[in-house]
Structure formats: C-alpha cells, structure tokens
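Please open the model in the viewer and keep the selection panel at hand. The tour begins with aromatic rings and then turns to the sheet.

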Amino acid sequence: MLKIAITGNIAAGKSTVEKILKSKGYKVLDADEVGHEILENSPEVKSVFKDYDITLGNVISRVKLGKVVFNDKKMLAKLNDILHPPIRKKIREFLLENKSEKYVFVSVPLLFEAGMENMFDKIVLVYADDNIRIKRLISRNGFSKDYAELRIKSQDNQQDKLSKADIIINNNGSLEDLQKQVSKIF
C-alpha cells in the first residue's frame, strides 16, 4: 500500500482533489472532517475555551471558535494540541483498515504544521496563488477580504511547502485543468 497525503493551504483545492480521487474509486480520508467530528461536542475544547463564546446552544460553533483561534496563535496552538492526537489515531486506523488497497489517500491540511508528514510515503501539495485563494474564500465562505487574509496568514506559507512535497498540483486554472492533472498523476 502506498500512503499518500494530500495537503495544501486553505482554499487551494484539496477538497476538489479528494472528490476527483473518490470518483475514481480510491479510498480517501479527510482529516478536516475527522477534526470537525471530534470538535463537535468536545468537553476538552469547551473547558479550555470556557472564557470565550464558542457555542451555539450546547454545540461548539466552528465559526465562533475560528474567530477566536485565528486571532490568537496561542489559542490556536491549544486547539491543535487537543485535536491532533485523536486525528492521528483515526488516520492510523484508516490506513490499517485499507491496507489491502494499492493507494490510500489522506487529506491533511496542516500536514507539515502538525508534523504528520512521516506517516506517509508520498506527499501531494495542492497549490493556488494567494490572490485566487482570497477570492475563493470571499465567494465560497462569505469572508471579508481582511478575514480571508487573516485565515491565509494563520497557516505556514505555501511557498515553504513546495520543497517538502513529492508532487505539486497547480490549481490556478479551471476544474477541467485540475481533473486532467489528477488523472495524469494517478
């Protein structure tokens, strides 16, 4: 089994690459979705962030939590310290469950930031220029330009990640261009 990580900064196109791979029949785990499931009712997150308004009813609001952590690197680090260990565990379980597959993909947005790159045989970086990513965040998420820029700056610079990846998918073009690149690679 070849364990392949898909990474890239926010709004680069990781989710679209995941969908393309799934449509081709590959097994793909989205670490973001795993994190969202863990986060949803995490008593530990509620405890650590008890001084902040992060819930809607009794459920943690990712939007409210995001406004806290993307404005405070210390709180972001605390959140990552809570979420990353169970995400790693879920990735290991997924890899074990699918060990008979020829290729297995795991989408990990914070692969390098979380130090998870050693869990994989190959790393695919989905890359898009910052100005394109800002436009996507404004249109897709309804973010203001300032908040989109803040979210982009909260992650390590994607230029620094280029040399760490085995394969780079440039997603500055159309969906058709992206599909062609993924098909060519896999």
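The count of aromatic pairs comes to five; rings of Phe, Tyr and Trp (its six-membered ring) pair if their centres lie within 6.5 Å, with planes under 30 degrees apart counted as stacked, over 60 as edge-to-face and the rest as tilted. This is a predicted model, in which local features need pLDDT of at least 70, side-chain atom pairs count only at pLDDT 80 or more, and totals for chains, interfaces and linings use all residues. Residues are numbered from 1 along each chain as its sequence is written, and side-chain values use heavy atoms, leaving out hydrogens and water.

Select Y26 and F105 first: their ring centres are 5.2 Å apart and their planes stand at 70°, so the pair is edge-to-face. Y26 lies in the loop between α1 (14–23) and β2 (27–30), and F105 in strand β5 (residues 103–107), so the pair ties together parts 79 residues apart in sequence. Helices (H or I, at least four residues) and strands (E, at least two) are DSSP runs, numbered from the N terminus.

Y26, Y103, F105 and F186 form one aromatic cluster.

Now display the strands. Five of them form an open sheet in the order β2-β5-β1-β6-β7, with parallel pairing; two strands pair if DSSP finds at least two bridges between them. β2 and β7 (167–170) stand at the edges, each with a single partner strand, so one side of each has no neighbour in the sheet.

Finally, select A5, whose bridge partner in β6 is I123.
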